[in-house]
Amino acid sequence: MNQKPDAPGHPVRNFNVLLSPTPRGARLARLLATEQLRRWEIPLDPARLIVAELANNAATHGRVPGRNFQLLLYVVGTTLRIEVTDTCGDQLPHHEAPDPTAESGRGLTLVTALADRWGVARSLPPRKTVWAEVTVRTALSPELDRPISGPTCAPYVLPTGEKAPRQAPPLPPAGQTHSRE
């Protein structure tokens with residue numbers, strides 16, 4: 001992850017990863033994005049749903065064997081931008097009303113409903129980038145990316161008369177939940 005100051009008090013945060021265009025790669029995109037959003041202390045929804053849909057589209061419709069797709073997240077001020085770039089630039093996505101009886105085809109309807117803005121940009125051939133922007137309500141401070149030191153759980157106290165253990169006590173489960181805002 002890189003952080004570049006845009007202006008005083010407005011950090012630019014970004015996260016970038018290449019993934020295989022498979023269902024496993026799409027799932028990994030969602031999981032990595034979720035973890036990065038937690039680290040930045042940004043509400044998970046609707047961003048992780050948008051990432052899941054755009055990554056799934058890249059793995060399903062933008063799949064070219066042997067070529068990866070790219071997930072890019074960045075925050076400028078209060079705007080989170082999600083970009084998914086694949087190598088199938090000849091097939092641009094378009095939003096149309098799905099057939100009510102169809103089992104698929106509602107992805108961009110979901111993105112349209114969840115994102116503040118979204119679009120498609122052609123890149124250098126043969127690539128295309130599908131992007132979506134979400135306004136985040138939390139103010140981001142530059143201190144969030146610094147490592148935090150301190151105890152992870154209650155201090156371990158040795159029982160009297162026993163030797164110190166060779167292994168540290170287990171850490172508490174990490175499962176912060178974030179509410180939808």
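This is a predicted model: local features need pLDDT of at least 70, side-chain atom pairs count only at pLDDT 80 or more; totals for chains, interfaces and linings use all residues.
Trainee: In what pattern do the helices and strands follow one another along the sequence?
Mentor: The chain contains three helices together with six strands. Read along the sequence, these elements give the pattern β-β-α-α-β-β-α-β-β.

Trainee: What distance separates the end C-alpha atoms of helix 2, and what span should its 14 residues have?
Mentor: Helix 2 covers residues 47-60, and at 1.5 Å a residue its 14 residues should span 20 Å. The distance between the end C-alpha atoms agrees with that expectation, being 20 Å.

Trainee: Which elements are among those that cover the buried residues of helix 2?
Mentor: The buried residues of helix 2 include Ala 47, Ile 50, Val 51 and Leu 54. What covers the buried residues of this helix includes helix 1 (23-39), strand 3 (69-76), strand 4 (79-86), helix 3 (107-114) and strand 6 (128-135).

Trainee: Within what arc do the buried residues of helix 3 fall?
Mentor: In helix 3, the buried residues are Gly 107, Leu 108, Val 111 and Leu 114. Seen down the helix axis, they line one face of helix 3, because they fall within an arc of 130 degrees.

Trainee: What covers the buried residues of helix 3?
Mentor: Leu 108 and Val 111 are among the buried residues of helix 3. The cover over the buried residues of this helix includes helix 2, strand 5 (117-122) and strand 6.

Methods. Residues are numbered from 1 along each chain as its sequence is written. Side-chain values use heavy atoms; hydrogens and water are left out. Helices (H or I, at least four residues) and strands (E, at least two) are DSSP runs, numbered from the N terminus. The expected span of a helix is 1.5 Å times one less than its number of residues. Buried means under 20% relative accessible area, exposed over 50%, partly exposed in between (1.4 Å probe, protein chains only). Contact means heavy atoms within 4.5 Å. The arc is that of the directions from the helix axis to the C-beta atoms.
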